[in-house]
Amino acid sequence: MRCKEIQNLLKSDYLDGNLNLLKQREVSKHLQGCDQCRILEKELRGQKEFFQKIKKQNVPGGLWQNIKHEILKEQLEGEAYSGVFERLKEFLFPSRRVLALVSAATAVIVVMVLAGSFIRGRNILNEEKDGYILADYTINTEGQELFSGFGTNIEEYFL
Amino acid sequence: MKDIDQNTLELALKGDIGAFEDIYKETSGFVYNVALRITRNSADAEEVAQSVFLKIYRNLKNFAFRSAFKTWIYRITVNTAINHYRKFMKEQKRRVDFDDLAPILANSSLTSENVIKSDNESKLQSLLGLLSLEHKTCLVLREIEGLSYQEIAVSLRIPINTVRSRLKRARQALLEEARKGIKDAL
């Protein structure tokens, strides 16, 4: 392998231990005979060792409390919001049970209204019938003494 | 970090704050440190970390177990930190924050270990400052977090060869800076 290829491997897979055994041996063999690549490998090792010395920083103490506070706040807001939302949803899209109750109540009202109309209708008819009877009576008794029993001396005088 | 067990995830999904705290304890270390290395500022890192955990809480239901939970969190952390950093740069604030060094120096004697620690920290800050966001992110995930190429690729949603080339470029840039420093010293 040529130096450029080796140097690319040194800066990536070789340094990070990703090479298979065969490739590792090829690179090692090249390094034995190439000063430039050997110097590069040493510099890169030094860089890696520097990073390994870097200690991780401690997480600030109050961070969890702040996060917890925000989460609990969201949970409370979520409950309040979902309560209003649920009530609105129930109003606009009632459950099956509610729908069934409303339908039954509507049916009862309709039946009552129809029944009421029917009864009223019959009463009207009866009134009309009575009207016919009265009219019939009137027609048939035309010419007859309608006011029998009412005759007084005054009436006799004028008639 | 050991991966979080499914039972804990399911409890957290149902709103169990105790289960979510378990997730926090297991993951806050790397979330904060990745955020710190990208934003280069402890106050911003804390803000990013808080934002990350709230996103995890809100989006837990969308985690469909297509990847490891850890890589999912790395992805959220990197994206949030990068967006925060870009916003910061856009606003053109210039805060160089070495407040991580102050407690070390103030609360303890100036032992050689502490001096080296603070020296390493400031050196790391300046080295990472040389790199582009993309290169810095790959290098931090590889060198500090110890993620494999595959894990980095999944976390950043980039091809594995892109991970490889970004690491090469990042290491080359740091080498050139180190050589320049030696040259200047001479």
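This is a predicted model: local features need pLDDT of at least 70, side-chain atom pairs count only at pLDDT 80 or more; totals for chains, interfaces and linings use all residues.
How far apart are the end C-alpha atoms of helix H2 of chain A, and what should its 13 residues span at 1.5 Å a residue? Select residues 21–33 of chain A to find out.

**Stop 1: helix H2 of chain A**

Stay on this helix. Color A:Val27, A:His30 and A:Leu31, the buried residues of H2(A). They cover an arc of only 100 degrees around the axis, so they sit on the same side of H2(A). Now show what covers them. Helix H1 (3–10) and helix H3 (35–53) of chain A are included in that cover. Then turn to the face away from the buried side. Exposed residues are carried there: A:Leu21, A:Leu22, A:Arg25, A:Lys29, A:Gln32 and A:Gly33.

**Stop 2: the cysteines of chain A**

Select A:Cys3, which is in no disulfide. Its nearest cysteine sulfur belongs to A:Cys34, 3.6 Å away. A disulfide would need the two sulfur atoms within 2.5 Å. A:Cys3 is partly exposed, with a relative accessible area of 27%. Move on to A:Cys34. This residue is in no disulfide either; the nearest cysteine sulfur is that of A:Cys37, 3.5 Å away. A:Cys34 counts as buried, at 11% relative accessibility.

**Stop 3: the largest nonpolar core**

Which residues touch the most other members of the largest nonpolar core? Select B:Phe20, B:Ile56 and B:Phe69; the core has 60 residues, and these three touch the most others. H2(B) gives the largest share, 11 residues. Domain 1 (6–93) and domain 2 (110–185) of chain B both contribute residues, so the core lies between them. Apart from this core lies another, of 13 residues, including A:Leu9, A:Leu19, A:Val27 and A:Leu31.

Zoom in on B:Phe20. Leaving out residues up to four places away in sequence, B:Phe20 touches A:Trp64, A:Ile67 and A:Ile71 in chain A. In chain B, with the same exclusion, B:Phe20 touches B:Ala12, B:Phe53, B:Ile56 and B:Tyr57.

**Stop 4: B:Ala35 and B:Arg40**

Next, select B:Ala35 in helix H2 of chain B. B:Ala35 is buried, with a relative accessible area of 0%. Show its contacts beyond four places in sequence: B:Arg40, B:Ala45, B:Val48, B:Thr77 and B:Ala81. B:Ala35 and B:Thr80 are 45 residues apart in sequence, yet 8.3 Å apart in space, C-alpha to C-alpha.

Now click on B:Arg40, one of those contacts of B:Ala35. B:Arg40 lies in the loop between helix H2 (17–39) and helix H3 (42–59) of chain B. Its phi is near 60 degrees, a positive value in a residue other than glycine. B:Arg40 is partly exposed, with a relative accessible area of 26%.

**Stop 5: helix H8 of chain B**

Where do the buried residues of H8(B) fall when seen down its axis? First select B:Tyr149, B:Ile152, B:Ala153, B:Ser155 and B:Leu156, which are buried in H8(B). Look down the axis: the buried residues fall within an arc of 165 degrees, so they line one face of the helix.

Finish with B:Arg157, which follows H8(B). B:Arg157 is in the loop between helix H8 (149–156) and helix H9 (160–185) of chain B. Its phi is near 55 degrees, positive in a residue other than glycine. Is B:Arg157 buried or exposed? At 64% relative accessibility, B:Arg157 counts as exposed.

Conventions:
Residues are numbered from 1 along each chain as its sequence is written. Chains are lettered from A and ligands numbered from 1 in the order in which they are written. Side-chain values use heavy atoms; hydrogens and water are left out. Helices (H or I, at least four residues) and strands (E, at least two) are DSSP runs, numbered from the N terminus. Buried means under 20% relative accessible area, exposed over 50%, partly exposed in between (1.4 Å probe, protein chains only). A nonpolar core is a set of buried Ala, Val, Leu, Ile, Met, Phe, Trp, Tyr and Cys residues joined through side-chain atoms within 4.5 Å. Domain bounds come from an automatic or database domain assignment. Contact means heavy atoms within 4.5 Å. The arc is that of the directions from the helix axis to the C-beta atoms. The expected span of a helix is 1.5 Å times one less than its number of residues.
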